[in-house]
Amino acid sequence: MNNDSKVIVALDYNSAASAQKFVDSVSPELCKLKVGKELFTQSGPEFVSGLVGRGYDVFLDLKYHDIPNTVAKAVRVAADMGVWMTDVHASGGRRMMEDAREVLEQTNSNMLLIAVTVLTSFAEEDLAEIGIQCSPEEQVLRLASLAQSSGMDGVVCSAMEAQGLRRALGETFTLVTPGIRPAAAAGDDQRRVVTPTDAIANGSSYLVIGRPITQASDPVATLLAINSEIST
Ligand SMILES: O=c1ccn([C@@H]2O[C@H](COP(=O)(O)O)[C@@H](O)[C@H]2O)c(=O)[nH]1
């Protein structure tokens with residue numbers, strides 16, 4: 001089997017041991033894996049390299065946002081770790097994204113580099129509070145267009161915006177969508193949520209799913225059910 005699952009499980013665990021327990025119960029054919037700030041801060045590059053060594057496509061989700069030189073150097077280190085994909089914040093701007101892309105070209109890396117547009121925990125009123133007076137949809141389109149013209153392979157957005165981005169930015173631009181909630185599941189801190197089926201119908205390339213799987217009473221059965229829901 002290929003590693004062609006569209007589900008990226010967010011390993012948002014507070015220890016390597018609990019994350020490893022989940023990893024040991026699945027395989028690279030069933031899902032890709034995302035390591036974010038909590039687990040990376042706890043367990044670091046060694047844990048990530050272990051996942052890569054076991055054949056997983058790993059999304060290192062550290063959302064770099066800093067001056068161009070600092071971000072480019074961090075992106076290069078991520079590429080050297082052998083991860084499949086990493087991300088920066090599109091609001092870091094064109095020069096930051098272009099410099100990150102350039103460093104990957106200089107090292108002939110094929111790691112995917114994507115940019116976060118508007119966090120899925122944001123609604124319109126959250127944007128207004130930080131001085132952005134438009135809908136999440138408009139802001140996502142603005143930042144995704146900037147990301148594409150700055151050399152990014154794709155963006156992180158809500159699947160609510162996926163249809164519009166597909167129309168505007170084409171079929172090959174990678175759309176990675178967190179904020180996925182099976183029908184009737186709790187939204188938690190997420191504000192722009194979409195079901196797995198609707199996310200795929202809207203044009204998402206990959207679905208990032210954390211708590212609905214990792215906090216389920218049977219995480220593997222839940223993952224299998226989502227895989228089968230989106231492949232029918
Ligand atoms: O806009 C974003 C960007 C990243 N995330 C990350 O995805 C997962 C979602 O976890 P759930 O438990 O399914 O809500 C989490 O690791 C976030 O850091 C996001 O949610 N939204």
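Two strands are taken as paired if DSSP finds at least two bridges between them. In this model, which is predicted, the bridge partner of Thr 177 in strand S8 is Leu 207, and S7 and S8 pair in the parallel sense over two bridges.

Strand S6 (residues 154-156) is joined to S7 by three bridges, and the two run parallel, with Gly 154 standing opposite Thr 174 in S7. Between these strands the chain passes through helix H7 (residues 162-169), and this β-α-β crossover is right-handed. A right-handed β-α-β unit is also made by S7, H8 and S8.

Elsewhere in the chain, strand S3 (residues 58-64) pairs with S4 in the parallel sense over three bridges, and the bridge partner of Phe 59 in S4 is Met 85. The chain crosses from S3 to S4 through helix H3 (residues 68-80), in a β-α-β crossover that is right-handed. S4 in turn pairs with S5 in the parallel sense over five bridges, where His 89 stands opposite Val 116 in S5, and S4, H4 and S5 make a right-handed β-α-β unit.

The pairings can be set side by side as follows.

| Strands | Sense | Bridges |
|---|---|---|
| S3 and S4 | parallel | three |
| S4 and S5 | parallel | five |
| S6 and S7 | parallel | three |
| S7 and S8 | parallel | two |

Ile 209 lies in strand S8 and counts as buried because it has 25 C-beta neighbours inside 10 Å, the cut-off for burial being 20 or more. Apart from neighbours within four places in sequence, Ile 209 is in contact with Val 7, Val 9, Ala 10, Ile 180 and Ile 226. Ile 209 and Arg 191, which are 18 residues apart in sequence, are 14 Å apart in space from C-alpha to C-alpha.

Helix H6 (residues 136-149) has 14 residues, which at 1.5 Å a residue should span 20 Å, and its end C-alpha atoms are 20 Å apart, in agreement with that expectation. Among the buried residues of H6 are Val 140, Leu 141, Leu 143, Ala 144 and Ala 147, and the elements that cover the buried residues include H4, S5, helix H5 (124-129), S6 and H7. After H6 comes Gly 151, whose phi is positive, near 95 degrees.

Which residues other than glycine have a positive phi? One of them is Asn 108, with a value of about 50 degrees; another is Asp 188, with a phi near 55 degrees. Asn 108 is placed in the loop between helix H4 (94-106) and strand S5 (112-116), and is exposed, with 7 other C-beta atoms within 10 Å. Asp 188 lies in the loop between strand S7 (174-177) and helix H8 (196-202), and is partly exposed, with 14 other C-beta atoms within 10 Å.

**Ligand surroundings**

The ligand is surrounded by 16 residues, of which the closest are Ala 10, Thr 120, Pro 178, Gly 210 and Arg 211. This shell divides into eight nonpolar, five polar and three charged residues, and strand S8 (206-209) and helix H9 (211-214) each supply at least two of its residues.

Terms used. Residues are numbered from 1 along each chain as its sequence is written. This is a predicted model: local features need pLDDT of at least 70, side-chain atom pairs count only at pLDDT 80 or more; totals for chains, interfaces and linings use all residues. Helices (H or I, at least four residues) and strands (E, at least two) are DSSP runs, numbered from the N terminus. A residue is buried if 20 or more other C-beta atoms lie within 10 Å of its own, exposed if 12 or fewer, and partly exposed in between; C-beta atoms are placed from the backbone. A residue is near a molecule or strand if its C-beta atom, placed from the backbone, lies within 6 Å of it. Ala, Val, Leu, Ile, Met, Phe, Trp, Tyr, Cys and Pro count as nonpolar, Asp, Glu, Lys and Arg as charged, and the others, Gly among them, as polar. A crossover is right-handed if, with the strands pointing away from the viewer, the path from the first strand over the helix to the second runs clockwise. Two residues are in contact if their C-beta atoms, placed from the backbone, lie within 7 Å. The expected span of a helix is 1.5 Å times one less than its number of residues.
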